[in-house]
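Here's a quick look around a protein model. Have the sequence and the 3D view handy as you read.

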Amino acid sequence: MNKNLTRPRKVFQVINVIILAILALLCLLPLLNLLAISLSSSSAVTTGQVSFWPVDFTLDSYKFVLEKPEFYRAFGISVAKVFVGVPLNMLMSIMIAYPLSRTKAEFRARNAYMWFFLITMVFSGGLVPWYIVISKLGLIDSFWALILPVAVPVYNVVILTNFFKGIPKEIEEAALIDGATYWQVVWRIFVPLSKAALASIMLFAIVNHWNSWFEGLILMNRPENYPLQSYLQTVVVNRDVRLMTSQNAAFITTVSERTSRAAQVFTATLPVLVVYPFLQKYFTTGVVLGGVKE
């Protein structure tokens, strides 16, 4: 197929590959620098010797991080947040997207609901009303405060709605004629045929739940209730006084505030890096097909 390409097309592909490679490298270099810092000694990092390769290789920063009970507690809260929040997001997205994908003749209130959800993507009530509502519901300083306010990801609903619209109408009509209920149509036909879109929005949901830190800082009064990213936010932005006053002399020469922060941030990034390759093959198809507007 490549032999039939015209010269301008070949030039375009070469330029396109070069640009994408540069962009990929720009995204990868900060991560490599972070990893190199976390694996280097504090003296090498302090003197600016570390770029993209560890200097005076050591794992003491990771040993220090993995011995901190507050890190494990925050990590566990984030894992629980993903395992509870992602299935809830998927369930709500499917249950909302299916009726919104029907025509106005089939679902008369479709446009009203569609506008209702789209408006929430553009306008919000503001931080204070949002906090007051959650407070009045008694969710402050509870695990559910991290889950319920983001139970309906509208952007994911829009993607899934457009994907459902692309499924041939004849399949649904045949199932209904054979006696299937709408519930069966959704779970036995639409969901199996939408694996690409579902994998895409699942990846979005996992990343959103894992990376969200603002809700934890605002809605949690006690630091022990922080999810991992909120905990890391306090570590990265604020000085880790416990590290500076540590009496563990074994770590003084190899672990510094900067190396410990790098180790914690990189450890928190690993789960997403591990999950992404398994969902990546569905990602492009799901987003492109789900993003087509009628």
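Among contacts between residues at least 6 apart in sequence, what percentage join residues at least 24 apart? In this protein it's 71%, with contact meaning heavy atoms within 4.5 Å. Keep in mind that this is a predicted model, where local features need pLDDT of at least 70, side-chain atom pairs count only at pLDDT 80 or more, and totals for chains, interfaces and linings use all residues. Residues are numbered from 1 along each chain as its sequence is written, and side-chain values use heavy atoms, leaving out hydrogens and water.

Of its 294 residues, 38% are buried, that is, under 20% relative accessible area with a 1.4 Å probe, protein chains only.

| Helix | Residues | Contact residues |
|---|---|---|
| α5 | 110–122 | R110, M114, F117, L118, T120, M121 |
| α7 | 154–165 | V154, Y155, V158, T161, K165 |

These two pack at about 140°, their axes 9 Å apart.

S101 sits in the loop between α4 (69–100) and α5. S101 is buried, at 7% relative accessible area. A polar atom of its side chain lies 2.6 Å from the backbone oxygen of Y98. Beyond its neighbours within four places in sequence, S101 touches T161, F164 and K165.

Notes:
Axes fitted to C-alpha atoms, helices over the stretch in contact; angles between N-to-C directions. Helix = DSSP H or I, 4+ residues; strand = E, 2+ residues; numbered from the N terminus. Buried < 20%, exposed > 50% of the residue type's maximum accessible area, 1.4 Å probe, protein only. Polar contact = N/O pair within 3.5 Å; in protein donor to acceptor, adjacent residues only side chain to side chain.
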